[in-house]
Amino acid sequence: MRTVVTLAALVATVLPAFAEGAFQPPTAFPEGPFGEMVAKGEAIFTETGKNAPAYVGNGLSCRNCHLDRGRLADSAPMWAAFVLYPQYRAKNKSVNTFTQRLQDCFRFSMNGKAPEADSEVMVALQSYIYWLATGAPVGKKLPGQGYPVLPKPAQAPSPERGKLVFAADCALCHGADGQGTKAADGSYQFPPLWGPQSYNWGAGMHRVNTAAGFIKANMPFGRGGSLTDQDAWDVAAYIDSRPRPQDPRFTGDVAATREKYHNDTDYYGETVDGQVLGSKP
Amino acid sequence: MVRYLLAGTLALGTLAATVARADDSIGKRIFEEGSASGAPACAACHGADGAGSPDGQFPAIAGLDAHYLAKQIADFRSGHRVNETMEPIAQALTDAEVGAVTAHVAALPAPAAEGAGSKEGDAIATIGRWAVGVPACEACHGRNGIGSGAAFPALAGQKADYIVAQFAAWRAGTRHNDPLGLMKAVADRLSEADVAAVAAHFQAARR
């Protein structure tokens with residue numbers, strides 16, 4: 001039945017919107033020392049583990065969640081994020097600078113260590129991102145910013161249904177076990193979605209609504225927009241109800257950590273397949 | 001004890017090597033001379049080195065992933081991939097022969113790079129054409145088109161004319177055995193000039 005649905009979706013050839021009229025970041029690197037730093041930033045962005053190994057604790061790179069090297073609308077593009085900081089964030093109930101926001105990416109999404117504010121990794125990344133945002137209006141929420149917010153699904157997101165979506169539409173690249181696929185040189189050709197090499201329980205992507213928006217707009221890779229909203233919600237629920245690295249804010253107690261940092265958009269502290277999620281490091 | 005284990009391991013290793021050699025001799029014979037059941041030699045069309053025919057009518061197959069090759073043969077056999085030449089050949093080969101010949105072909109040295117790429121082709125291969133939603137070819141087919149697993153074949157050294165013909169077939173719907181319709185989606189969005197550029201890029205790429 002799933003095959004039929006998939007083929008039907010194919011025939012319909014649902015094309016994503018590609019955010020008509022979206023902001024266009026520049027293409028040619030600037031000249032001189034600043035341009036060199038921008039290029040360094042892009043290299044870190046695209047191959048983070050290789051080019052910033054001290055700060056990365058998993059198999060992911062920035063580009064895995066920010067497609068087209070942080071340029072793609074509806075894929076949390078960097079040019080749209082840069083102009084929205086400093087901002088108040090409910091996540092830590094304080095005003096964060098863009099530096100602090102990037103540090104959070106390393107701590108949570110990369111399951112690593114935050115680069116120091118004046119480290120070369122941070123200078124390079126910020127140079128790259130600042131350059132991408134050339135001409136973007138400061139303080140304005142641009143079309144294509146973040147991931148799309150999906151309407152609430154008709155049926156509550158279901159990991160059980162999501163497992164079927166995963167097998168049909170995701171396993172080809174991410175592996176039947178979601179652990180990604182490696183190239184001959186040992187680097188990840190396709191990123192791991194759960195388990196020790198993926199994002200941890202503090203990353204934005206661990207929230208089902210965030211993952212669903214990303215998936216709907218961008219997956220399967222190269223066929224973004226082709227899943228139904230319900231399939232996107234369900235497969236997000238499946239992926240985000242698998243084990244992953246501990247929340248770095250762990251208080252020593254899963255229930256207390258859940259109470260303090262997690263809410264009804266995620267599975268931290270819930271029991272799935274006989275295991276309390278977040279109970280293993 | 002360690003010595004026995006070692007001897008055992010060595011014996012097992014030798015046995016495995018013999019099996020592989022035996023298998024390869026079958027695969028090699030099918031590739032060079034054809035099968036007992038009447039399938040002609042692969043080399044007759046795909047070249048003695050498996051690098052394809054110069055006009056690209058017959059693709060380079062040397063060094064492609066064995067599972068990818070076996071899947072294509074299975075699709076030719078079932079008609080899921082339509083090809084007049086390959087259909088009877090795929091039907092003549094037994095499963096064991098397919099296993100042997102795909103292992104042999106996969107172990108052949110990858111075809112040599114040919115011609116020159118362009119800035120446009122390089123950009124599509126390494127960055128993509130995101131303005132129309134097309135990701136980098138290398139994101140799935142591996143760096144320099146070395147291939148990735150059974151689903152994403154190596155492209156480096158592939159005949160440009162063959163690549164162009166496959167794009168036309170995906171676009172027309174006459175080839176439709178790409179997993180998840182991934183190539184159909186790409187073919188629908190790239191212009192013919194883009195396809196020509198990226199095909200030349202991979203023919204000129206080194207694995």
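User: How many residue pairs are in polar contact between chain B and chain A?

Analyst: The count is 5 residue pairs, with both partners at pLDDT 80 or more. Keep in mind that this is a predicted model.

User: And how many salt bridges between chain B and chain A?

Analyst: There is 1 salt bridge between the two chains. A:Glu47 pairs with B:Arg143, and their closest N and O atoms are 3.1 Å apart.

User: Which helices of chain B supply at least two residues to the side that touches chain A?

Analyst: Those are α7 (137-141) and α9 (182-189) of chain B.

User: How many residues are in contact across the two chains?

Analyst: On the chain B side 23 residues, in contact with 22 residues of chain A. The two chains bury about 1,900 Å² between them, and 67% of that is on carbon and sulfur atoms.

User: Which residues in chain B lose the most area to chain A?

Analyst: B:Trp130, B:Leu180 and B:Arg189, which together make up 36% of what the chain B side buries.

User: Switching to the inside. Which residues touch the most other members in the largest nonpolar core?

Analyst: A:Trp79, A:Phe166, A:Ile215 and A:Ile239, out of 76 residues in that core. Several helices of chain A each supply at least two residues of this core, including α2 (32-46), α6 (98-109), α8 (159-169) and α11 (229-239). The largest share comes from α7(A), with 8 residues.

User: What does A:Ile215 touch?

Analyst: Leaving aside residues up to four places away in sequence, A:Ile215 touches A:Leu227, A:Ala232, A:Val235, A:Ala236 and A:Ile239.

User: What about another core, apart from the largest one? How many residues?

Analyst: Another core has 21 residues, among them B:Tyr68, B:Leu69, B:Met86 and B:Ile89.

User: OK, chain B then. How many helices and strands?

Analyst: Chain B has 10 helices and 2 strands. From the N terminus, the order of elements is α-α-α-α-α-α-β-β-α-α-α-α.

User: What percentage of chain B counts as buried?

Analyst: 45% of its 207 residues. As for contacts within chain B at a separation of 6 or more, 64% join residues 24 or more positions apart.

User: Back to chain A. What does pLDDT average there?

Analyst: Chain A averages 93, and 93% of the residues score at least 70.

User: Where in chain A does pLDDT stay under 50?

Analyst: Over residues 1-17. For that stretch the model has 19 contacts beyond four places in sequence.

Key
Residues numbered from 1 in each chain as written. Chains lettered and ligands numbered in written order. Predicted model: local features only at pLDDT ≥ 70, side-chain atom pairs only at ≥ 80, totals over all residues. Heavy atoms only, no water. Core = buried A, V, L, I, M, F, W, Y, C linked by side-chain atoms within 4.5 Å. Buried < 20%, exposed > 50% of the residue type's maximum accessible area, 1.4 Å probe, protein only. Helix = DSSP H or I, 4+ residues; strand = E, 2+ residues; numbered from the N terminus. Contact = heavy atoms within 4.5 Å. pLDDT = per-residue confidence, 0-100. Buried area = accessible area lost by both parts, 1.4 Å probe. Salt bridge = Lys/Arg side-chain N within 4 Å of Asp/Glu carboxyl O. Polar contact = N/O pair within 3.5 Å; in protein donor to acceptor, adjacent residues only side chain to side chain.
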